[in-house]
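Please work through the exercises below with the sequence and the coordinates open beside you. Each task is followed by a solution that goes step by step.

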Amino acid sequence: MLPATSSVSTRISSKRLAVSIFRISLQHNDTYAFRQRPVITRNQEVYQDIVPDMSGSFVGGASRCEWCEELLSKWDESLRGVVIKQRKHDLSVTYDGVLIASERFVAAYTANGLSGMVFRRLPDDSCFFAVRAVRAIEFDSVRRKTRFIDRCQYCGNYESVVGAVPVFLRAGSEVGEREIVRTDLVFGSGDEKHPLLICGSSAASIIASASLKGVDLIPIEEDGGSGG
Ligand SMILES: [Zn+2]
């Protein structure tokens with residue numbers, strides 16, 4: 001009754017409507033929110049999506065741990081000076097883990113009564129919003145065997161949190177049909193870290209039918225929490 005191969009990135013289709021929770025997969029928007037853009041060689045361009053070049057110096061005066069330089073409060077930063085470089089995506093993420101929504105996304109969200117997100121218009125790029133899901137649900141890092149690497153003794157954060165997908169959620173986690181939530185854990189290395197976005201079935205249908213660009217919906221299977 002479950003798809004044999006479940007890690008294929010796919011938009012929602014009628015045969016998958018039975019799945020009730022989805023991960024919203026995001027693409028990079030080729031933008032740095034907290035660093036100068038480094039000179040990216042043609043060779044490195046190929047790898048930017050996997051291991052972005054993080055050699056640019058810090059900008060924007062973001063709050064960081066004095067010891068490990070972890071960004072301590074991305075959502076509270078002003079994001080002054082941030083201009084989205086790859087502008088075609090309606091929902092995307094900067095190389096340093098800031099989730100970004102387009103006006104089209106916000107319009108679809110609002111018109112269809114979706115819930116769970118807050119939007120903050122970028123001060124220097126008014127076509128886009130920093131976006132955050134308010135409510136967090138528990139990711140099951142034990143069953144997923146998520147690895148927590150290099151904990152900072154000073155701020156308590158990990159340099160890397162590896163093992164996000166396929167998604168394992170704690171039993172009992174609930175997501176409203178029209179709700180978008182985030183995982184309580186953030187995944188990735190260094191500045192990249194950000195939570196996964198998870199949504200209910202109606203939200204997934206709405207997002208899919210709005211033909212938003214750069215947004216893929218990946219079903220999360222409910223038996224073992226695997227999926228996507
Ligand atoms: Zn630290």
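The exercises that follow move from the whole chain to a sheet, a helix, a core and some backbone details.

The model is a predicted one, in which local features need pLDDT of at least 70 and side-chain atom pairs count only at pLDDT 80 or more, while totals for chains, interfaces and linings use all residues. Residues are numbered from 1 along each chain as its sequence is written.

**Exercise 1.** Determine how many helices and strands the chain has, and what percentage of its residues is buried.

Solution. Helices (H or I, at least four residues) and strands (E, at least two) are taken as DSSP runs and numbered from the N terminus; on this basis the chain has four helices and 12 strands. A residue is buried if 20 or more other C-beta atoms, placed from the backbone, lie within 10 Å of its own, exposed if 12 or fewer do, and partly exposed in between. Of the 228 residues in the chain, 36% are buried.

**Exercise 2.** Work out the strand order of the open sheet that five strands form, and find which strands stand at its edges.

Solution. Two strands pair if DSSP finds at least two bridges between them. The order is E2-E3-E4-E6-E5, with mixed pairing. E2 and E5 stand at the edges, because each has a single partner strand, and one side of each is therefore left without a neighbour in the sheet. Within the sheet, E4 and E6 are antiparallel and joined over three bridges, and Ala101 stands opposite Phe129 in E6.

**Exercise 3.** Identify the buried residues of helix H2 and the elements against which they pack.

Solution. In H2, which spans residues 103-111, the buried residues are Phe105, Ala108 and Tyr109. They lie on the same side of H2, because they cover an arc of only 100° around the axis (the arc of the directions from the helix axis to the C-beta atoms). Thr110 and Ala111, by contrast, are exposed on the other side of H2. The buried residues pack against E3, strand E4 (99-102), strand E5 (117-122) and helix H4 (201-209), where contact requires C-beta atoms, placed from the backbone, to lie within 7 Å. Just after H2, Gly113 takes a positive phi of about 65°.

**Exercise 4.** Find which residues touch the most other members of the largest nonpolar core.

Solution. A nonpolar core is a set of buried Ala, Val, Leu, Ile, Met, Phe, Trp, Tyr and Cys residues joined through C-beta atoms within 7 Å. The largest one has 53 residues, of which Phe22, Ile100, Ala130, Ile180, Ile198 and Cys199 touch the most other members. Strand E6 (residues 125-133) gives the most to this core, with five residues. Apart from its neighbours within four places in sequence, Cys199 has contacts with Phe22, Ile24, Val175, Glu179, Ile180 and Ala204.

Conventions:
Contact = placed C-beta atoms within 7 Å.
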